[in-house]
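Let's walk through this fold strand by strand.

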Amino acid sequence: MSIVAIGTDIVSVERLRGVYERHSERFLERHFTPEEAAYCLAQADPLPALAARFAAKEAFQKCWPHSFGWREVWVEKEGARPRLGYIAKIAQRMASEGWRAHLSLSHEKEHALAVVILETLEMG
């Protein structure tokens with residue numbers, strides 16, 4: 001295995017809260033899949049979870065060689081672990097390159113953080 005790229009992003013929960021309070025429906029529809037929004041809105045305070053997912057998309061963009069839309073990459077759960085999901089075009093590129101992404105999320109009252117490590121499995 002070798003690392004192809006590392007992306008990280010930190011988001012101010014309060015900054016996102018301001019956007020969410022002004023444009024909640026538009027913000028959710030533009031940036032998150034329905035499943036992501038439902039998961040976050042089920043939390044007592046959805047903003048830290050939304051901020052972590054926002055950061056995850058930004059962190060992955062720093063690893064990815066092309067631009068993509070906000071809803072073309074998403075965070076899903078694999079048991080308790082978060083992982084990235086992708087539209088078919090990105091998933092196909094990941095498979096053809098032999099790439100795998102690892103995701104770590106963290107959030108607290110003021111900030112949310114995401115780290116993405118994109119690796120390739122070396123064949124041979």
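**The sheet, the helices and the hairpin**

The order β1-β5-β4 describes an open sheet of three strands, with antiparallel pairing. At its edges stand β1 (2-12) and β4 (99-107), each with a single partner strand, so one side of each has no neighbour in the sheet. Direction ignored, neighbouring strands here are turned by 15° against each other on average.

A word on the model and terms. This is a predicted model, where local features need pLDDT of at least 70 and side-chain atom pairs count only at pLDDT 80 or more, while totals for chains, interfaces and linings use all residues. Residues are numbered from 1 along each chain as its sequence is written, and side-chain values use heavy atoms, with hydrogens and water left out. Helices (H or I, at least four residues) and strands (E, at least two) are DSSP runs numbered from the N terminus; two strands pair if DSSP finds at least two bridges between them.

Back to the sheet: β4 pairs with β5 (residues 111-120) in the antiparallel sense over nine bridges. Leu103 has Val116 in β5 as its bridge partner.

Helix α1 (residues 13-31) lies across β1 and β5, at about 65° to β1, and helix α4 (residues 88-97) lies across β4 and β5, at about 120° to β4. Those angles run from 0 to 180 degrees between N-to-C directions, with axes fitted to C-alpha atoms, for helices over the stretch in contact, contact being heavy atoms within 4.5 Å.

Elsewhere in the chain, β2 (residues 73-78) and β3 (residues 81-86) pair antiparallel over six bridges, with Glu76 bridged to Arg83 in β3. They form a hairpin with two residues between them, and Gly79 in the turn has a positive phi of about 70°.
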